[in-house]
Amino acid sequence: MISNMERLKILLTEKGLKPTYQRLKILEYLDKHLDKHPTVDMIYEALANKIPTISMTTVYNTLNAFQEKGLVNPVTITGTEVRYDFLTLPHHHFLCKKCGKIIDIDIKCPIGDKKEIYGHRIDEFHRYIKGVCKYCLKKEKNKNKH
Ligand SMILES: [Zn+2]
Ligand SMILES: [Zn+2]
């Protein structure tokens with residue numbers, strides 16, 4: 001069995017990126033926090049005390065390199081920040097307007113993985129849904145009961 005770090009190392013190498021310690025740590029963080037859709041800030045803050053030499057710029061540049069190689073997908077659902085998704089199949093995102101949680105929604109989409117639509121080339125495709133998540137709805141319901 002290969003360790004998770006080994007797996008990520010192979011992945012970086014396969015993508016033509018040198019598996020430096022910082023890149024590996026950033027990738028590991030993304031891998032461990034899939035449901036969080038972290039921002040550059042969140043990743044930096046989580047790693048800063050473990051890796052004193054890391055900077056915001058490093059995290060930012062690393063994510064850009066990952067994005068170029070198709071390792072991460074930017075999620076701009078909140079409209080104010082870029083959140084990152086690690087190497088996932090295309091899926092929809094649901095943003096809760098109450099708690100700010102971003103939830104992955106796996107439903108079949110008629111466009112699917114098409115690279116083209118009616119002769120137009122697709123570069124980006126946003127699958128964003130906004131509303132109130134079931135957890136907040138439940139909380140609201142319970143509040144009204146009392
Ligand atoms: Zn919510
Ligand atoms: Zn996602």
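Q: Leaving aside its neighbours within four places in sequence, which residues is C99 in contact with?
A: Beyond those neighbours, C99 touches C133 and C136; two residues are in contact if their C-beta atoms, placed from the backbone, lie within 7 Å. Please keep in mind that this is a predicted model: local features need pLDDT of at least 70, side-chain atom pairs count only at pLDDT 80 or more, and totals for chains, interfaces and linings use all residues. Residues are numbered from 1 along each chain as its sequence is written, while chains are lettered from A and ligands numbered from 1 in the order in which they are written.

Q: What makes C136 partly exposed?
A: C136 has 15 other C-beta atoms within 10 Å, so it is called partly exposed. C136 sits in helix α5 (residues 134-145), and its contacts, apart from neighbours within four places in sequence, are C96, K98 and C99.

Q: How do you know that the residues annotated "binding site" gather at one spot?
A: The unreviewed UniProt entry gives that annotation to C96, C99, C133 and C136; such annotations may be inferred rather than shown by experiment. They span 41 residues in sequence, yet no two of their C-alpha atoms are more than 8.3 Å apart, so they gather at one spot.

Q: What makes β4 and β7 the edge strands of their sheet?
A: The open sheet has three strands in the order β4-β3-β7, with mixed pairing. Strands β4 and β7 (128-131) each pair on one side only, and pairing takes at least two DSSP bridges. β3 and β7 run parallel and are joined by four bridges, with F94 opposite I129 in β7.

Q: Why is α3 called oblique to α4?
A: Helices α3 (residues 40-48) and α4 (residues 56-68) pack at about 125°, with axes 9 Å apart. Angles under 35 degrees are roughly parallel, over 145 roughly antiparallel, 65 to 115 roughly perpendicular and the rest oblique, so α3 is oblique to α4. V40, I43 and Y44 of α3 make the contact with M56, V59, Y60 and L63 of α4.

Technical notes:
Helices (H or I, at least four residues) and strands (E, at least two) are DSSP runs, numbered from the N terminus. A residue is buried if 20 or more other C-beta atoms lie within 10 Å of its own, exposed if 12 or fewer, and partly exposed in between; C-beta atoms are placed from the backbone. Axes are lines fitted to C-alpha atoms, for helices over the stretch in contact, and angles run from 0 to 180 degrees between N-to-C directions.
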